[in-house]
Amino acid sequence: MKNIKYSFPIIILLFTFNSCGIFNRKTNDLGNDYSFNYDKCIVPINLFTKTAIYQKIVKYDYNDKFIIVKQKPNKSKFKKMISEDLLTRCMIYEGYLKERNDKDYEKITTPYIIESIKTDSLLYFRLKKKGLKNDYKKNDIKLINTATDSIIENNNYYKKIFSSNVNYWIINKIQNIRFGPFNKIEFENELKEMKIQLTIE
């Protein structure tokens, strides 16, 4: 893997540590590789598990299988987290393009991770058409921030999140599945349906 701008394992680590402020000094271990951190979000350590819940988490409870969450979404902080996520995913995809044919590539990754990386190809090539230079400096950051704004404003998932002042969520830590956002009544019904013995006010 010589003469490669970004070493794939280093990019993986960068993404892992970058997600939702994982470098911050204060975290609470929620089990099964989940943590609540200083930025008031819940993140899985596995970077390809898409179950993070961003700021601002005001209450949570957990047991061996589930995490339940009360969230007051903060749009500006969401945008920051999404932009950082998109930037790092572009870096990972670029590393994948450079290293995928290396005979040692399969030794440092898994089929699941490769498929997860491939899902970012559409984002990557759309940004390339708009002028992404892969130096991740001012121009690239601007492009990624513009993409983030578009996602926030047009994606139904984010529209639903920001349509309420308070959202409720459930994470199944064993299966790595995130449920929500719910309003309070929907949330309470889900707790009963899933027989989850946890409570938050």
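**The contact of H2 with H4**

Modeller: In this predicted model, the axes of helix H2 (residues 75–99) and helix H4 (residues 121–129) come within 9 Å and cross at roughly 95°. Angles of 65 to 115 degrees count as roughly perpendicular, and H2 is therefore described as roughly perpendicular to H4. In general, two packed helices are described by the angle between their axes and the distance between the axes.

The residues that form this contact can be listed from either side. H2 contributes Leu86, Cys90, Tyr93, Glu94 and Leu97, while H4 contributes Ser121, Leu123, Tyr124, Phe125 and Leu127. By class, the contact of H2 with H4 has 8 nonpolar residues, together with 1 polar and 1 charged residue.

With its neighbours within four places in sequence set aside, Leu127 is in contact with Cys90, Leu132, Leu143, Ile144 and Ala147. Cys90 is one of the H2 residues in the contact with H4. Leu127 also belongs to the largest nonpolar core, which has 41 residues; together with Ile42 and Ile117, Leu127 touches the most other members of that core. Helix H2 supplies the largest share of this core, 10 residues.

An open sheet of 3 strands has the order S1-S2-S3, and its pairing is antiparallel. Strand S1 (27–31) and strand S3 (42–44) stand at the edges, each with a single partner strand, so one side of each has no neighbour in the sheet. From one strand to the next, the twist averages 30°. Strand S2 (residues 34–37) pairs with S3 in the antiparallel sense over 3 bridges, and Ser35 stands opposite Val43 in S3.

A further pair consists of strand S6 (residues 167–172) and strand S7 (residues 177–182), which are antiparallel over 4 bridges. Ile171 has Arg178 in S7 as its bridge partner. The hairpin of S6 and S7 has 4 residues between the strands, and in this hairpin Asn176 takes a positive phi near 55°.

Technical notes. Residues are numbered from 1 along each chain as its sequence is written. This is a predicted model: local features need pLDDT of at least 70, side-chain atom pairs count only at pLDDT 80 or more; totals for chains, interfaces and linings use all residues. Side-chain values use heavy atoms; hydrogens and water are left out. Two strands pair if DSSP finds at least two bridges between them. Helices (H or I, at least four residues) and strands (E, at least two) are DSSP runs, numbered from the N terminus. Axes are lines fitted to C-alpha atoms, for helices over the stretch in contact, and angles run from 0 to 180 degrees between N-to-C directions. A nonpolar core is a set of buried Ala, Val, Leu, Ile, Met, Phe, Trp, Tyr and Cys residues joined through side-chain atoms within 4.5 Å. Buried means under 20% relative accessible area, exposed over 50%, partly exposed in between (1.4 Å probe, protein chains only). Contact means heavy atoms within 4.5 Å. Angles under 35 degrees count as roughly parallel, over 145 as roughly antiparallel, 65 to 115 as roughly perpendicular and the rest as oblique. Ala, Val, Leu, Ile, Met, Phe, Trp, Tyr, Cys and Pro count as nonpolar, Asp, Glu, Lys and Arg as charged, and the others, Gly among them, as polar.
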